[in-house]
Amino acid sequence: MAAFLLWCILFVLCWPVALLALCLFPIVWLITLPFRLVGITLHGVFALLTAMFLLPVRLLRGPRAI
């Protein structure tokens, strides 16, 4: 909602720039999509590594910790 309100303010102040931003948004979204997918993948890999390293500690603490 905030992005829409900022776009409306930009449209009032300088409508050519607002229309250009509106047209370029899907292109920028498509360009940044692979970077977001890589970020999601790396987050999953690091979460898996963390779980693998912490599993022995959780098992040694006993059934109450799991």
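The sulfur of cysteine 23 lies 14 Å from the closest cysteine sulfur, that of cysteine 14, which is too far for a bond. A disulfide needs the two sulfur atoms within 2.5 Å. The structure, a predicted model, holds zero disulfides. Cysteine 14 is in no disulfide either, and its nearest cysteine sulfur, in cysteine 23, is 14 Å away.

**Accessibility**

How exposed are these cysteines? Cysteine 23 counts as exposed because its relative accessibility is 56%. Cysteine 14 has 30% relative accessibility, so cysteine 14 counts as partly exposed. Threonine 32 also has a value here: at 30% relative accessibility, threonine 32 counts as partly exposed. The cut-offs explain the labels: exposed means over 50%, buried means under 20%, and partly exposed lies in between.

| Residue | Relative accessibility | Class |
|---|---|---|
| Cysteine 14 | 30% | partly exposed |
| Cysteine 23 | 56% | exposed |
| Threonine 32 | 30% | partly exposed |

**Along helix H2**

Where does threonine 32 lie? Threonine 32 sits in helix H2, which covers residues 15–61. Take threonine 32 and histidine 43, eleven residues apart along the chain. Their C-alpha atoms are separated by 17 Å.

Now follow H2 to leucine 54. There the helix has a kink of about 40 degrees. The kink lies shortly before proline 56.

What follows just after H2? Glycine 62 comes there, and glycine 62 takes a positive phi of about 110 degrees.

Conventions: Residues numbered from 1 in each chain as written. Predicted model: local features only at pLDDT ≥ 70, side-chain atom pairs only at ≥ 80, totals over all residues. Heavy atoms only, no water. Buried < 20%, exposed > 50% of the residue type's maximum accessible area, 1.4 Å probe, protein only. Helix = DSSP H or I, 4+ residues; strand = E, 2+ residues; numbered from the N terminus. Bend = angle between axes of the 7 residues up to and from the residue.
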